[in-house]
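Try each task before you read its solution.

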Amino acid sequence: MLKTDNSSPGDGDQVSGHGMWSSKMAFILAATGSAVGLGNIWRFPYVTAENGGGAFVLIYLLCIAVIGIPLLMSEILLGRAGRHSPINSLKLLAQRSKRTWRWMFVGVLGALIGWMILSFYSMVAGWTLAYSWHYLGEIFATAPPAFDPQGKFGGLLASPGALIFWLTAFILLSLGVVALGVEKGLERAVRILMPMLFALLLIMVGYGMSTGFFQQTISYLFSPDFSKVDGNTILQALGQAFFSLSLGMTGIMAYGAYVPRDVPIGRTAATIALADTGVAVLAGMAIFPIVFANGLATGEGPGLIFVTLPYAFADMSYGSFFGFGFFLLLAVAAWTSAISLMEPAVAFLSESKRFTRVSAALVVGAATWVLALGSVFAMNIWSGFTIAGKNFQELLEYVASNLLLPLGGLTTAVFVGWALSRVIAREQLSELSESRYQLWRFLVRYVAPILVFVVFLSAAGVI
Ligand code: PHE
């Protein structure tokens, strides 16, 4: 069970069996690394397109501010107060608050959601690896490359062997870092590579401006047409907010366990949310001009960036270099997110005497790989099997992101707002003024749970 030998959860700064972020900055980088990933650059543009643009974006931004930031704070504080894996932290904190230990099932749910998301996430991250490999080849090619983005993407999806190869590579990379301990490998990667991705994204936005379709993009993204909004649009926006901020599956809680005492949780959460949202909006501003300029369909689905960006890279000077850099950095961003998807399960297993960190990472990696095969085959040999018009991968993505993440967030908010001892919460948020603390408390007690619940009802057609 718990290694409680030398730890005093809640007040000590040493976590038995786990490490500690070296500074406040290290935690911000790691949490931003978790938040910024495929969710911002791959998922945000395509889900925005499927939901008609402006109104969706506005609801998404509202979800980030009203539900996202308070929940981000909640997960960090639970992690830091519990100082164990999310499952055991929840159990400990529930017991210390004189509540039932069954609250730990919020953590079990989180670890399972992480596994589900990581499976299709690894496949998509594999696409980015395949694309960077392709552009690397282009850099060294002597003949001009054939230009056929749709065909190229289709060819990749049609090949189970290629998909499995790249996703296996990605899972191995992720479990490698998790096995070493997140606080070691991760910090350096995030510190150097994330700013590079940000810079490349700015270059892509600059390119977008040069296409003459930037104005159209801005109005597409920011002028809302609420006639297109229904319960399902709001559910998708909520799901995207959770997905993008890594919320609802205890990944941030797991990272919170390694946060030093002197980190101000409120300001840190706001910084992470701002960085994450900034990247998503920039990605939108980079991608839609290309879509409009080339008369492509916005409703391309999950393939959106993989069929649109090649138009830009083919058009730009040194496009192969940019293509290589972009997809490689995107793979790195996905990598730093995948680690946080694995961490809750791995931290939990490695707290039991039966597993070391390495064997725990191997078990979680293997389980992820098996589930990922379902997504791979959904792209080709099983593409005919659909439920409600969705193949296995789409169904998994929909259920995990839009239903389970908000459900995880709802239960976390109820735990923090109603079950957790007020003394623990106030102590963790000691840097907040009384009025800000009350605002946070109001948001997690009432606003977040009620809003999520209402969105569920409205998407189900009940209201
Ligand atoms: N937030 C990550 C991204 O945007 C994905 C993620 C989701 C990570 C849920 C952890 C938990 O790519």
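How many aromatic pairs does a search of the whole structure find? The search finds 30 aromatic pairs. Rings of Phe, Tyr and Trp (its six-membered ring) pair if their centres lie within 6.5 Å.

The model is predicted: local features need pLDDT of at least 70, side-chain atom pairs count only at pLDDT 80 or more, and totals for chains, interfaces and linings use all residues. Residues are numbered from 1 along each chain as its sequence is written, and side-chain values use heavy atoms, without hydrogens and water.

**Exercise 1.** Classify the pair Tyr-121 and Phe-243.
- Step 1. Take the distance of the centres: 6.1 Å.
- Step 2. Take the angle of the planes: 40°.
- Step 3. Apply the cut-offs: under 30 degrees is stacked, over 60 edge-to-face, the rest tilted. The planes are at 40°, so Tyr-121 and Phe-243 form a tilted pair.

**Exercise 2.** Are Tyr-121 and Phe-243 buried or exposed?
- Step 1. Recall the limits: buried is under 20% relative accessible area, exposed over 50%, partly exposed in between (1.4 Å probe, protein chains only).
- Step 2. Tyr-121 has 3%, so it counts as buried.
- Step 3. Phe-243 has 8%, so it is buried.

**Exercise 3.** Classify the pair Phe-165 and Trp-166.
- Step 1. The ring centres are 4.9 Å apart.
- Step 2. The planes are at 80°, so this pair is edge-to-face.
- Step 3. Check Trp-166: its relative accessible area is 16%, so it is buried.
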